[in-house]
Amino acid sequence: MNYKKSYFKLTVLFVLFFAACSEAPEINNETMLDGDQIFDPSLYNPEDYLVSLSVENPTEIQKNTPVLITVHGYSASTFEWDEFREYSTINANILISQVLLGGHGRTYEAFKESTWKDWQNPILAEYNALRSKGYTNINFAGSSTACPLVLDLIKEGKIGENGMKNIFLIDPIVIPSDKLLTLVGLVGPMLGYFESTNTAVEDLYYYRFRPQETLNELLDLIDKVRKDLQKGYLLPTNTNMKVYKSIKDDTADAVSAVLIYKGLKNSDGTPINVEMLDSQLHVVTRLEGRENVTQKDREIQQQVFDDMLTILMQ
């Protein structure tokens, strides 16, 4: 009996192994961002997404208007901040730069070849471009992986004193919820890629297939940021931060918010602001394309949007 059970388990393992590593992902070019037909729209018309390109010679009024650099997470695209952009257009007078992370919004192969430093470069490029054009009220809002990317820029001194007024972090990932992710280095080379469970709409804006190389890059990034936070550091002078974290989501462990709270302080040594959200959605600020969105999700989303806009307009 025991022999039969062991044989069955071994057979299943072999089937899974060969099924996983025998093929490249089956990409539908017509329906998936992973393919060679669908690209992030900011690649076609960057001036529609980046304030630094949309305004050739900003006026003094524009230079003093709040500019919010919004950045999406791992495997996502500028789509992740479309709902905030639409909401703020109606409810506030701010400018928004929707930055596409390096290596994202293109083909699966381009994503596979990118590093976390490639992902980070466009954030710094837009920040520096806005500074060079004289914008004085620059802010940042990032979701998920965008958060450790900007935390690293702060730690490395690339965002200095008076550089950013407010930084909003939505479900920052420093510790992943799925602890099996730490095994990517071991099983990743055998598997090659991991497939997500996107909806049909999400397939248009999020990679369905996550190359093991990029997951290793993600682990390298959050490992660095975690170690930096454990040592502790300060925000630049005149920069404020607010963290919004779902109490439990399937991507970023709530401990991530605790580590940021304990490891990062305001320039005067006082604690940063953290708000725990009664949500189980990762990045509740993006609802379009999800299944089973509730009225409560919409209320939380609006609550966060309103709070951010209130802070920006102060």
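Colleague: Does Lys-224 count as buried, partly exposed or exposed?
Modeller: This is a predicted model. Buried means under 20% relative accessible area and exposed over 50%. Lys-224 has 25% relative accessibility, so Lys-224 counts as partly exposed.

Colleague: Which residue forms a salt bridge with Lys-224, with the closest N and O atoms 2.7 Å apart?
Modeller: The partner lies in helix 7, while Lys-224 lies in helix 10 (residues 212–231). The pair links distant parts of the chain, 72 residues apart. The closest N and O atoms are 2.7 Å apart, and the partner is Asp-152.

Colleague: Is Asp-152 buried or exposed?
Modeller: The cut-off for buried is under 20% relative accessible area. Asp-152 has a relative accessible area of 4%, so Asp-152 is buried.

Colleague: Which residues are linked with Asp-152 in a network of salt bridges?
Modeller: The structure holds 15 salt bridges. One of them joins Asp-152 to Lys-224. The network that links Asp-152 also takes in Glu-156, Lys-224 and Asp-228.

Colleague: How many of the ten residues of helix 7 are buried?
Modeller: Helix 7 spans residues 146–155. Its buried residues include Ala-146, Cys-147, Pro-148 and Asp-152. Helix 7 is largely enclosed by the rest of the structure, because the buried count is nine of the ten.

Colleague: Are helix 6 and helix 7 roughly parallel or roughly perpendicular to each other?
Modeller: Helix 6 covers residues 116–132. The two helices pack at an angle of about 75°, with their axes 10 Å apart. Angles of 65 to 115 degrees count as roughly perpendicular. Helix 6 and helix 7 are therefore roughly perpendicular.

Colleague: Which residues of helix 7 make the contact with helix 6?
Modeller: The contact residues of the two helices divide into six nonpolar, one polar and one charged. Helix 6 brings Trp-116, Trp-119, Gln-120, Ile-123 and Leu-124. Helix 7 brings Leu-149, Asp-152 and Leu-153.

Colleague: What is the N to O distance in the salt bridge of Asp-223 and Lys-227?
Modeller: Both residues lie in helix 10, four residues apart, about one turn of the helix. Asp-223 is partly exposed, with a relative accessible area of 27%. Lys-227 is also partly exposed, at 42% relative accessibility. Their side chains meet at 3.2 Å.

Technical notes. Residues numbered from 1 in each chain as written. Predicted model: local features only at pLDDT ≥ 70, side-chain atom pairs only at ≥ 80, totals over all residues. Heavy atoms only, no water. Buried < 20%, exposed > 50% of the residue type's maximum accessible area, 1.4 Å probe, protein only. Axes fitted to C-alpha atoms, helices over the stretch in contact; angles between N-to-C directions. Parallel < 35°, antiparallel > 145°, perpendicular 65-115°, else oblique. Contact = heavy atoms within 4.5 Å. Nonpolar A, V, L, I, M, F, W, Y, C, P; charged D, E, K, R; others polar. Salt bridge = Lys/Arg side-chain N within 4 Å of Asp/Glu carboxyl O.
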